[in-house]
Amino acid sequence: MDGTGLPEIRSTCPYCGVGCGVLLRPDGQGGMEVKGDPAHPANRGKLCSKGSQLGQTLGLDDRLMSPRIGARSAGWDEALDLVAERFGDTIAKHGPDSVALYVSGQLLTEDYYVANKLAKGYFGTANIDTNSRLCMASTVAGHKRAFGTDTVPGTYDDLEEADLIVLTGSNLAWCHPVLYQRIIAARKKRGTKLVVIDPRRTASCDGADLHLAVAPGGDVALFNGLLNEVSLRGKIDHAFAENVTGLEEALVSAAGDDLSATGLGEAELRAFFDLWCGTEKVVTVFSQGVNQSTSGTDKVNAILNCHLATGRIGRVGMGPFSVTGQPNAMGGREVGGLANMLTCHLDLENAEHRATVQDFWTSPEMPEAAGLKAVDMFRAVGEGNIKALWIIHTNPAVSMPDADRVRDAIAGCDFVVVSDVTDRTDTARLADVLLPAAAWGEKSGTVTNSDRTISRQRAALPPPGEARPDWEIIAEVGRRMGWGAAFDFQSPAEIFREYAALSGLAARFGRDFDISALAELSDAEYDALAPVRWPVSATRSGGRFFGDGRFFTPDGKARMVPVSHRAPVSGLSDARPFRFNTGRVRDQWHTMTRTAKSPRLSAHLPEPFLEIHPKDARALGLKPAALVRVANDHGAAILRALVTDAVRPGQVFAPMHWTGETAPSARVDALVPGHVDPVSGQPESKAATVSVEPFEAA
Ligand code: SF4
């Protein structure tokens with residue numbers, strides 16, 4: 001309580017994977033003050049521009065207030081009965097794999113768990129995938145190949161204890177600002193060196209000791225070059241290497257790669273290798289620039305190989321560190337929220353794991369093989385093989401690669417359900433049934449941030465109109481399909497307890513994820529749960545993984561994976577001479593359904609743009625701030641040219657936030673082909689090829 005007599009509520013920010021704690025103070029009139037939570041270990045009271053403007057984004061003007069069937073309002077009973085009937089009929093007629101769910105890293109862990117239980121345990125299909133596939137699936141696959149499980153070895157504290165931080169494929173200053181500020185503060189204190197590896201000069205390069213403008217797709221060659229240097233300079237940690245297999249094979253692959261693929265000069269490479277080899281406490285932070293690639297998994301393993309070969313992992317101030325884009329991408333991974341995973345870091349294709357979950361859920365049917373990953377899922381929708389689709393809290397009609405085809409596929413699907421907070425997304429407009437969901441600030445549950453810290457999100461406002469929490473909507477459909485006992489949840493606390501108990505069973509298989517010590521929390525204890533880093537069991541709590549040399553593979557050893565450079569799939573040509581990179585800006589989030597409500601956030605960069613080098617702008621005869629048409633075989637967009645040497649000649653960059661609602665001609669993901677990494681299924685969102693020409697209005 002403060003002087004106003006209104007309660008202060010602890011929660012977490014709904015944006016990025018840093019997972020900052022916030023203090024919410026409702027004003028009693030639908031608004032609330034939002035401040036950083038000094039007690040939260042991720043941010044210690046700090047917030048970035050997006051987090052601090054959360055109070056400006058609460059307006060109800062665009063909210064979906066009641067269920068809709070087609071263009072008309074409907075009651076919950078009618079809408080849920082229809083969803084249950086159509087999914088049930090479709091499964092009965094065409095089999096379980098004729099239905100699919102496409103969900104989101106915006107979901108709370110409890111929502112994610114119930115959605116996975118419904119799809120995998122009761123529909124009997126693994127066709128449930130998430131927009132996190134576009135974000136960090138390559139990291140999941142790389143972790144599993146190297147460690148046996150999808151384990152983030154270190155913690156945020158390592159970023160403050162390191163002597164060298166390498167940011168690769170990560171504009172941390174804009175995309176994870178509070179974490180970046182922690183690094184800057186640590187640099188001042190201990191003189192930490194900072195290297196940024198990115199084809200563009202971004203805000204994260206300001207003040208960096210070294211910026212390596214690596215050629216798009218050149219990361220494997222660069223880290224292979226580093227591994228080679230590690231070996232040549234006698235920096236292999238042979239004692240730690242006893243816990244690792246594949247060292248010789250990885251070294252042979254590394255030696256075979258050509259450093260020219262990095263596009264970097266000898267002096268730059270030497271400076272990087274000197275810094276890395278000469279510093280023991282190194283953290284390599286990586287994000288979408290690594291993951292969103294057709295060789296994303298290999299890039300991840302190239303990075304992990306360098307840390308495994310030197311034993312720089314799981315010790316104070318050392319390790320590879322993946323940062324996730326979304327607030328609950330990690331929670332989604334924990335509940336098996338991807339089409340090729342099972343809950344609690346178990347493997348869907350392992351019969352023993354499957355049987356354990358099936359027994360626990362008392363489920364009638366479980367899929368034995370991986371389901372369709374996001375890109376393939378929407379292809380199957382377009383081909384008519386998915387006949388009933390439920391999209392929850394995400395906007396694939398603009399955010400999927402090949403967005404125009406995805407939009408058309410959804411439009412042509414027999415039955416589409418969309419759960420969202422608004423009816424104004426491009427995807428919501430295509431729904432047969434629209435279900436109003438509670439938004440951030442109105443719902444309760446947990447999220448997990450990039451360093452495995454589980455935090456509570458708490459409701460501070462009532463959901464408007466008839467909006468309901470997602471777990472409740474999904475469980476209602478399960479009950480209406482005849483599975484009442486399995487979906488008889490009365491609260492998020494009950495779901496959390498079930499899921500924590502299951503993690504204890506999963507741990508018997510030597511899995512990393514174990515929160516069984518939280519399985520007996522009372523409702524009051526769950527309500528009061530303070531941020532806690534997993535594992536949380538009788539034998540383990542918090543800490544780092546792998547410093548002891550024990551991994552989660554059958555023989556307990558890590559795997560170094562031999563990898564080699566592969567160029568991006570889209571080739572440059574006379575018709576498409578520019579390499580097209582996409583990404584985020586500091587003050588917008590995804591397709592802007594929340595951030596666009598804040599005038600202050602929208603003032604930062606008010607319209608979509610295309611960064612283009614001055615030489616290229618001159619060659620095209622572009623005047624400053626001219627409109628350009630960017631195009632390839634997949635789509636086209638009209639953007640404002642931003643002439644800057646932050647991009648290299650021959651490369652262009654556009655942010656992906658603007659959509660059909662905010663800028664109908666700027667559908668940037670329509671230009672991204674659906675080429676995917678063969679292991680992770682993650683699309684190559686940063687290396688399309690395009691033409692650029694001055695735009696002349698007809
Ligand atoms: Fe929110 Fe991320 Fe900013 Fe923290 S850094 S306030 S989690 S957007």
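Start with the shell around the ligand, which by class has nine nonpolar, four polar and one charged residues. Here Ala, Val, Leu, Ile, Met, Phe, Trp, Tyr, Cys and Pro count as nonpolar, Asp, Glu, Lys and Arg as charged, and the others, Gly among them, as polar. The ligand is surrounded by 14 residues, and the closest are C13, Y15, C20, C48 and G51. Helices (H or I, at least four residues) and strands (E, at least two) are DSSP runs, numbered from the N terminus.

A word on the source. This is a predicted model: local features need pLDDT of at least 70, side-chain atom pairs count only at pLDDT 80 or more, and totals for chains, interfaces and linings use all residues. Residues are numbered from 1 along each chain as its sequence is written.

Now step back to the domains. The protein is divided into domain 1 (9-57), domain 2 (68-135 + 328-533), domain 3 (137-323) and domain 4 (578-694). These bounds come from an automatic or database domain assignment. Where does the ligand lie? Domain 1 and domain 3 both give residues to the shell, so the ligand lies between them. The C-alpha centres of domain 1 and domain 3 lie 31 Å apart. Their contact takes nine residues from domain 1 and eight residues from domain 3; two residues are in contact if their C-beta atoms, placed from the backbone, lie within 7 Å. The side of domain 1 that touches domain 3 has six nonpolar, two polar and one charged residues.

Next comes a helix pair. Helix α8 (residues 219-232) and helix α13 (residues 296-310) pack at an angle of about 15°, with their axes 8 Å apart. That makes α8 roughly parallel to α13, a term for angles under 35 degrees. Axes are lines fitted to C-alpha atoms, for helices over the stretch in contact, and angles run from 0 to 180 degrees between N-to-C directions. Among the meeting residues are F223 and L227 in α8, and A302 and I303 in α13. The contact of α8 with α13 divides into nine nonpolar, three polar and three charged residues.

Finish with the backbone. Most residues other than glycine have a negative phi, and most peptide bonds are trans. C344 has a positive phi, near 60°. C344 is found in the loop between α14 (329-334) and α15 (351-361). A cis peptide bond joins W534 and P535, with omega about 10°. P535 sits in the loop between β19 (532-533) and β20 (558-559).

How values were computed:
A residue is near a molecule or strand if its C-beta atom, placed from the backbone, lies within 6 Å of it. Angles under 35 degrees count as roughly parallel, over 145 as roughly antiparallel, 65 to 115 as roughly perpendicular and the rest as oblique.
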